[in-house]
Amino acid sequence: TKKSSRYKPMKVTVKDLLKDKKKDLSLELATGEAGLGKEITVADVNRCGLALSGFFAYFAAERVQVLGNAEVEFLKTIELEKKKKVFKQIFSRPIPLLVLCRGFSAGKELLEAAEQYRVPVIKTPINTTKFISEITAYLEGKLAPRKKIHGVLLDVYGVGVLITGKSGVGKSECALDLVKRGHRLVADDIVEVVRAADKGLYGSPQKLLRFYLEVRGLGIVNIKELFGVGATRDRKRIEVVIDLEEWNDKKSYERIGNTEAVRELLEVKIPMICLPVKPGRNIAILIEVAAMQERLKKMGYSTMDELEKNFRLETGKREP
């Protein structure tokens with residue numbers, strides 16, 4: 001089993017949020033410009049319902065705080081002094097920001113408390129449910145653990161194949177052969193790997209290197225222009241890792257397939273196959289077969305299980 005180094009937790013600031021989603025969500029900063037550098041570290045959103053009544057036992061201060069129709073209507077029922085006290089209790093905690101949905105106006109007491117504790121307050125005309133859905137999806141994407149991997153990612157028969165190995169072992173040449181055979185290139189050289197909420201790993205190319213493949217002796221090849229846009233794709237789930245290495249006569253390689261190796265990326269284990277490279281071996285065909293084998297495994301079929309079953313049946317027939 002190969003292990004990758006731990007990833008660093010991702011962060012996004014309130015300023016980043018405003019910049020990225022201002023147009024889509026019609027965001028407007030009501031106050032708290034001094035707190036735009038505050039970091040949002042979790043994708044979950046918290047509605048301030050119970051906190052407005054003074055109950056803070058389970059208040060998730062690290063989350064984006066949201067006030068919707070129910071919260072605004074409740075605020076109308078409480079006295080001014082109690083309202084001021086509640087706002088101070090909320091904003092004195094390390095919350096990243098507070099969002100007012102449905103275009104509700106921020107009251108004087110709320111704005112004063114937010115300004116005092118340097119907490120940004122944002123308004124949006126979007127209804128609460130839709131806003132929470134949109135902002136959660138955005139934060140999950142921005143905060144997802146990610147890592148850059150040296151390798152080539154392709155879609156082979158619908159299976160995401162990440163080809164790794166030392167520089168010069170033939171990763172890009174193999175990828176070119178696979179594209180020529182009708183498969184699709186996702187990324188060459190640097191693969192941006194992101195762990196999604198479902199614990200799946202998804203790879204994509206660096207923006208500047210999209211569509212390009214570097215082949216030693218040939219130079220830079222534009223896959224989209226040579227083979228058409230259908231020979232590429234923007235993103236693919238990584239389902240198997242093929243590690244290419246130069247053939248070593250002293251090393252014992254897998255011949256039966258009854259042992260399974262894994263590569264750990266972003267704390268997710270991915271099946272890994274080590275393929276030794278030497279003249280005369282058609283690596284592209286081997287990778288195609290590996291991809292098809294992976295599909296069969298997901299469907300519940302195992303070559304070794306069937307072979308063992310047949311062996312037992314045959315052995316049983318020969319017993320006296």
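Predicted model: local features only at pLDDT ≥ 70, side-chain atom pairs only at ≥ 80, totals over all residues.
Student: Which residues form a nonpolar patch on the surface?

Tutor: The patch has about 310 Å² of accessible area together. One of its members, M292, is found in helix 9, residues 283–298. The residues that form the patch are Y157, I285, V289 and M292.

Student: Is M292 buried, exposed or partly exposed, and what is its relative accessible area?

Tutor: Buried means under 20% relative accessible area and exposed means over 50%, with partly exposed in between. M292 falls in between, so it is partly exposed, with a relative accessible area of 37%.

Student: Which residue does E288 form a salt bridge with?

Tutor: Start from E288, which sits in helix 9. Its partner lies 107 residues apart from it, in the loop between helix 7 (171–180) and strand 12 (184–187). The closest N and O atoms of the pair are 2.9 Å apart. The partner is R181.

Student: In the salt bridge of R47 and E71, which residue counts as buried?

Tutor: The two side chains meet at 2.9 Å, N to O. This pair links distant parts of the chain, with R47 in strand 5 (residues 45–47) and E71 in helix 3 (residues 69–75). R47 is partly exposed, at a relative accessible area of 36%. With 5% relative accessibility, under the 20% cut-off, the buried residue is E71.

Conventions:
Residues numbered from 1 in each chain as written. Heavy atoms only, no water. Patch = residues over 30% accessible without salt bridge, like charges linked within 9 Å, V, L, I, M, F, W, Y side chains within 5 Å. Areas by Shrake-Rupley, 256 points an atom, 1.4 Å probe, with all protein chains shown as cover. Salt bridge = Lys/Arg side-chain N within 4 Å of Asp/Glu carboxyl O. Helix = DSSP H or I, 4+ residues; strand = E, 2+ residues; numbered from the N terminus. Buried < 20%, exposed > 50% of the residue type's maximum accessible area, 1.4 Å probe, protein only.
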